[in-house]
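I opened my notebook to look up how charged side chains pair up in this model.

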Amino acid sequence: MDVSKILDSLNPAQREAVSSDNKSLLVLAGAGSGKTRVLVHRIAWLLQVQGVPASAIMAVTFTNKAAREMRSRIGELLQLTPQGMWVGTFHGLTHRLLKTHWRDAGLPENFQILDSDDQLRMVKRLLKEHELDETRFSPKSIQWYINGHKDEGRRAKHVDHHNDPYEKTLVNIYQAYETACERSGQVDFGELLLRAHELWLKQPSILNHYQQRFQYLLVDEFQDTNTIQYAWLRVLAGNGNTITVVGDDDQSIYGWRGAKIENIQQFSEDFPGTTIVKLEQNYRSTSRILDAANAVIANNPDRLGKELWTDGERGDPIQLYAGFNEQDEARFIVERIQSHVSNDLLRSEQAILYRSNAQSRVLEEELIRAGTPYRIYGGQRFYDRLEIKNAVAYLRLAYGSDDDAAFERVVNTPTRGIGNKTVEAVRLRAREANTSMWRACLQLIEAGALTNRAATSLSKFMELINDCAEASRTLSLEEFANFVLEATDLMAFHGKETGEKGQARVENLQELVNATRQFEPEGDDSTALREFLDTAALDAGDQQADEYTDAVQLMTLHSAKGLEFPVVYLAGVEENLFPHKMSVEEPGRLEEERRLCYVGITRAMRHLYLTYAESRRWYGQESFNAVSRFVREIPDDCIEEVRINASITRPLSARLSHAAEGHDTGLVLGQRVLHSVFGEGVVLNIEGQGSNARVQVNFNQEGSKWLVAAYANLEAV
Ligand code: ATP
Ligand code: MG
């Protein structure tokens with residue numbers, strides 16, 4: 001293997017980054033400029049040219065899928081698969097660390113991951129126990145509160161409630177939540193990072209060991225790291241290790257989850273002498289697509305500022321389609337997909353991206369109707385489906401009976417006459433005795449504290465779990481899964497549901513058995529179940545069926561990060577949907593929406609379609625939204641409108657100015673206006689004609705309001 005192979009296919013700036021000797025390196029560059037490619041080649045360079053052992057390298061990616069891809073790309077480049085390298089997400093890597101050092105981290109050996117659903121259920125339960133009103137303390141907002149503090153590295157004891165009674169209650173709930181997790185040996189996603197960070201601080205010898213080991217740290221999508229992730233990384237890097245981060249401030253899209261763009265600037269301060277490499281050539285998109293992306297993102301203030309250019313071809317204009325409703329929009333997309341397929345493109349080379357998960361249903365229906373296979377990333381993932389969660393809960397209980405979340409989920413599923421009252425009694429006992437629900441059951445039964453019927457039903461349930469546990473020790477993973485589905489009656493229970501749904505659930509359960517069959521444990525048979533459960537919890541979605549069928553890819557804009565497709569359909573580019581309604585009201589959120597739009601546009605290599613619906617049923621209501629302001633930010637020569645029925649295309653500007661004139665309010669969307677009472681704001685929407693015309697203005701101070709245009713006396717600013 002010679003050096004040139006690693007450097008040959010890189011431009012000079014990329015080469016500089018790949019072969020840099022500097023201890024800290026920041027690659028700051030726009031979409032499609034080869035940041036991920038630089039990381040892959042840098043790892044190959046370290047291994048091959050610098051002779052760094054694979055075990056000294058840790059690479060952080062944003063998804064498990066990206067981690068697998070990184071491994072395989074390195075493998076291709078080097079013609080061998082490096083062993084002992086840690087490549088994964090922050091969650092995956094810290095999970096691995098805690099699994100090894102559970103004792104030092106203060107966790108039980110078989111601690112379980114609490115996913116977002118389990119977490120919400122637990123919060124609800126705690127609210128009930130504390131007799132708090134769910135309308136004042138919404139479970140979702142409490143979940144958000146807890147996660148927000150964890151992302152910032154704060155436990156309940158660190159939160160300052162400023163003696164405010166409401167905030168005090170929140171802190172108490174957070175505290176109770178921590179206790180409950182502790183008691184049942186459960187760890188939520190934020191906790192993985194928080195614990196792992198505490199492990200560094202409290203166990204210097206362990207930290208020292210890993211600092212010695214991982215002398216090379218590499219991070220992709222650095223702009224979306226949050227406070228605790230960055231803190232964890234910084235401690236691990238210490239003073240002497242080599243750290244490479246790549247990112248793009250224009251693609252920071254997880255601010256709502258605590259990601260900090262500021263980490264980019266912080267990085268060069270924390271690591272003095274950082275080399276900053278900028279990459280400016282885009283290798284992904286046509287110049288038209290790139291011009292559009294650049295023009296949209298230029299509307300954001302406070303950018304670090306980067307130029308992107310391409311010497312690729314100009315390409316076709318971006319096509320804008322206005323469906324008269326969302327079904328029509330979906331039909332258009334599916335027709336285009338098919339016509340690209342008949343022109344020799346694969347379905348898998350085409351992706352439909354959308355802002356909100358709920359948009360997928362109509363698109364899916366249309367794809368199904370047309371018999372076009374598709375795959376969904378994110379959203380209702382395989383391991384998120386009800387029947388799968390039930391089955392996995394049984395597997396978890398069989399593995400460790402103290403798992404309260406799993407216990408709660410299936411104690412009466414399928415129904416076996418264990419009522420709410422009994423479960424409530426078990427919970428109470430568990431809390432009083434500070435023990436798991438399983439042990440509480442044993443205590444209650446022994447003490448004769450339950451009715452005969454309840455005691456009998458519970459004992460039967462526990463026998464069943466014991467049988468499963470026994471089976472897990474003697475059978476192969478696949479046989480065990482089959483055993484559980486039969487013994488628990490889950491298969492029959494879900495099969496009874498009517499029509500398609502029951503059918504789909506049975507198929508999913510069968511697919512779970514397939515997953516156990518295909519599962520390749522790293523250890524031997526004795527650890528296979530544990531490994532499988534961990535993978536199921538961490539890898540949700542990645543195991544989706546039909547990997548081998550050529551299928552159109554559907555995903556939210558958020559999950560599309562880092563990916564690229566020859567053809568992209570960006571659906572629902574409408575005001576209120578994208579930018580999302582909520583974002584217009586919160587400072588900073590509109591900018592994040594615009595970055596999301598930039599991410600969406602820059603996923604496209606050759607063809608980009610933007611579609612919207614003139615009317616849409618959305619949360620049970622018919623709504624009429626204007627085309628997204630982001631579309632209006634795209635230069636005229638990059639975009640054209642498609643009209644299928646009349647089979648004409650006309651430039652976008654004609655249509656937009658026509659629409660604006662039609663309202664005869666003298667106002668246009670996006671215009672800044674001044675109102676005598678509400679002050680300054682931006683026009684979001686215009687509806688109706690003449691004296692009926694109404695405008696929606698988002699005022700800087702007062703938020704968004706609808707006004708009758710004739711009386712509002714809005715002045716252009
Ligand atoms: P994003 O910001 O979207 O994550 P990125 O900066 O990580 O993008 P990559 O995904 O690494 O960009 O690269 C984009 C595309 O350009 C890939 O298909 C990659 O293989 C290709 N590419 C990058 N650099 C070069 C190069 N020097 N020569 C040829 N192709 C390149
Ligand atoms: Mg990338």
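Asp-224 lies in the loop between β6 and α11 and Lys-561 in the loop between β12 and β13, so the pair ties together parts that are 337 residues apart in sequence.

I note that this is a predicted model, in which local features need pLDDT of at least 70 and side-chain atom pairs count only at pLDDT 80 or more, while totals for chains, interfaces and linings use all residues. Residues are numbered from 1 along each chain as its sequence is written, chains are lettered from A and ligands numbered from 1 in the order in which they are written, and side-chain values use heavy atoms, with hydrogens and water left out.

Next I looked up Glu-593, which forms a salt bridge with Arg-355 at 2.7 Å between the closest N and O atoms. Glu-593 counts as buried at 2% relative accessibility, and Arg-355 is buried as well, with a relative accessible area of 13%.

My last pair was Asp-188 and Lys-150, whose side chains meet in a salt bridge of 2.8 Å, N to O. I found Asp-188 buried at 2% relative accessibility and Lys-150 buried at 1%.

How values were computed. A salt bridge is a side-chain nitrogen of Lys or Arg within 4 Å of a carboxyl oxygen of Asp or Glu. Buried means under 20% relative accessible area, exposed over 50%, partly exposed in between (1.4 Å probe, protein chains only). Helices (H or I, at least four residues) and strands (E, at least two) are DSSP runs, numbered from the N terminus.
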